[in-house]
Protein chains: 2
Amino acid sequence: MQTPYYLIDKARLRPNMEKIAWLREESGAKALLALKCFATWSVFDFMSDYMDGTTSSSLFEVKLGREKFPGETHAYSVAWADHEIDEVLANSDKVIFNTAGQLRRFEGVSQGHVRGLRVNPGVSTSGFDLADPARPFSRLGEHAPEDIEPVADLVTGFMFHNNCENADFERFDAMLGMIEQRFGHLIRKMEWISLGGGIHFTGEGYPLERLAERLKRFAGQNEVQVYLEPGEAAITRSTTLEVTVLDTLFNGKNLAIVDSSIEAHMLDLLIYRESAKMAPNDGPEEWMVCGKSCLAGDIFGEFRFPEALKPGDRLSMQDAAGYTMVKKNWFNGVKMPAIAIREEDGTERLVRDFGYEDFAAALS
Amino acid sequence: MQTPYYLIDKARLRPNMEKIAWLREESGAKALLALKCFATWSVFDFMSDYMDGTTSSSLFEVKLGREKFPGETHAYSVAWADHEIDEVLANSDKVIFNTAGQLRRFEGVSQGHVRGLRVNPGVSTSGFDLADPARPFSRLGEHAPEDIEPVADLVTGFMFHNNCENADFERFDAMLGMIEQRFGHLIRKMEWISLGGGIHFTGEGYPLERLAERLKRFAGQNEVQVYLEPGEAAITRSTTLEVTVLDTLFNGKNLAIVDSSIEAHMLDLLIYRESAKMAPNDGPEEWMVCGKSCLAGDIFGEFRFPEALKPGDRLSMQDAAGYTMVKKNWFNGVKMPAIAIREEDGTERLVRDFGYEDFAAALS
């Protein structure tokens, strides 16, 4: 198969799914895939055996969830437009508003629909200010109980989303305690509570039993159905970006240029100034692996290899499922990676390729 | 027209074109549009009256330039792949290699084609390390005269690209002097020299006459045809991103949420942590204008308005042509802005809209 391509490995996806299913079973919580992180619908049938549906951040994600993922469809957006609300309602089981203002605006048209409100507890675990929903002046959700009380009767649930790649159960537990302390009287009026995504519970060594117990206790004490919205946790370590070395040079360091680009294909590496994960990453040869876009800083990272890289070598960037395919773009006209699936019997099949016509059609 | 949409205003594009045409005439330099910056081909016919063709950073850009923009097609890429070089050659007038290694690799197949080499003079004007081609360990071009000399006979031209939004003629002049000093003996063996893009010569107050004189002198003394590759300079101030306020709230600041997103539609604001340009930006009301994606830092900037913003208000983000449409993506499934053109008689026409089917087809 011609590189570059994203390769989704079902054998590596299944363990995440099994942990999610176990957690659902033990805790009673429902699990919805966060499409903002991963929306490659070719594997939705596979995932839907383990998950209850999808949650979204726009009308188009609502429609994709409804159309492609069996189960429940939660519709959340930071702001709905007047011209899209009818379609949002027609394609969702629940609609979650970001503010009391949006709830009021669409109160009439959403009558009879299951409605929720996003609540911002003012604390989070994000290590990045950019991604921190609790940052100062955050527009993400209603912050004050006194602003929520007047509209609480209009909704049957709340959505909290303040975890962010949080692998620390104690921190999750403490934040949930703060949420109960501050918003408990409102939570107990509700029928369902979404605790959002960002809990890294499929990671190695995560105390899944303790999380299950905590969620079950939260649900029992508050008499609510709990929802989780895993994004990264659902697809972590399942996918690679397969690339080929096109050129090598030495300019103070060994440099290898591959047929991909962080800006076009793994955008978060650029936004958060992080390094890709290479495996294996071992050996005497140290190389900087660079993209082929014009951007000077188009650098995947510096890695170790057993031998010097040369044109034609294949490299696999690890953990390339989350926030990659959903953000890929045509920067520099670099060919978009195809999307391929490795079945559990080891066979690989191409599910989408992108060509010149797609590039030209993305403009006008 | 339903927002969001990019609006390309031909009446604002023409003054840039006229400056380019004047500079061509006076200096003898040829001007090629850098597609990496702007590739909205609906206005290529209009632009081609003033420019000589296009330059590129990938096979797909080469093909777009050849297909849509009358004139010369320069083919440059940081690295060509074996499987694309034939198509690159078939669709270009010149091929420019990034390294001596790539030139050697494709020496046979490119025999008979006009060939060039990118040379990195080791100095630049970039204010961002990310975008600085002269940064340490840069992979962009050959740096040392002694590495260029052995392959100089294989090429008839060089491409230098070390300016970056450079509005300072003195700095350009000084850098060109350094280039001549260091690489002059090689330059004088060539037939053509591209000085790349990044010279902000269409900006207000730029000493265009001095630039023309300097380019003419460079061409004359070295006996070469000079090329410029304007990107931003060609389309600066020509385009707006038209958005609508969907919701407002107060959380320590006045916040307005619009039907767009910096990450999805004006990506450089996020990458370089810059603010959008709003016009007018005046009045007693101060508001933070935010996008509708889930990203906490999806903020266009803080601007002044004559009155408080409210849902339904229309805002125009200025200077939205360069590095925007070419990088737009489906993050969060936020609707991609349509692309519209305002003709010089004031009529606006939609040239491309994007819908749910485009979103779903971008994945698989």
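**One residue and its surroundings**

Modeller: Y5(B) sits in strand 1 of chain B, which runs over residues 5-9 (strands are DSSP runs of E of at least two residues, helices are runs of H or I of at least four, and both are numbered from the N terminus). This is a predicted model, in which local features need pLDDT of at least 70, side-chain atom pairs count only at pLDDT 80 or more, and totals for chains, interfaces and linings use all residues. Residues are numbered from 1 along each chain as its sequence is written, chains are lettered from A and ligands numbered from 1 in the order in which they are written, and side-chain values use heavy atoms, without hydrogens and water.

The relative accessible area of Y5(B) is 3%, so Y5(B) is buried (under 20%; exposed is over 50%, and partly exposed lies in between, with a 1.4 Å probe and protein chains only). Leaving aside residues up to four places away in sequence, Y5(B) touches T240(B), L241(B), E242(B), R314(B), P337(B), A338(B), A340(B) and E348(B); a contact means heavy atoms within 4.5 Å. D353(B) is 348 residues away from Y5(B) along the chain, yet 8.5 Å separates their C-alpha atoms.

Elsewhere in chain B, helix 3 covers residues 59-68, and seven of its ten residues are buried, so helix 3 is largely enclosed by the rest of the structure. Those buried residues are L59(B), F60(B), E61(B), V62(B), K63(B), L64(B) and G65(B). Their cover includes helix 12 (356-361) of chain A, as well as helix 2 (44-48), strand 3 (53-55), strand 4 (72-76) and helix 4 (85-90) of chain B.

The C-alpha trace of chain A spans about 65 × 50 × 45 Å along its principal axes. Of its 364 residues, 66% count as buried. Among contacts in chain A between residues at least 6 apart in sequence, 67% join residues at least 24 apart.

For chain A, UniProt lists residues 238-320 as "domain: Orn/DAP/Arg decarboxylase 2 C-terminal", in an unreviewed entry; positions follow the numbering used here, feature names are shortened, and annotations may be inferred rather than shown by experiment. The span of residues 238-320 in chain A is 11% helix and 45% strand, and its end C-alpha atoms lie 8 Å apart.
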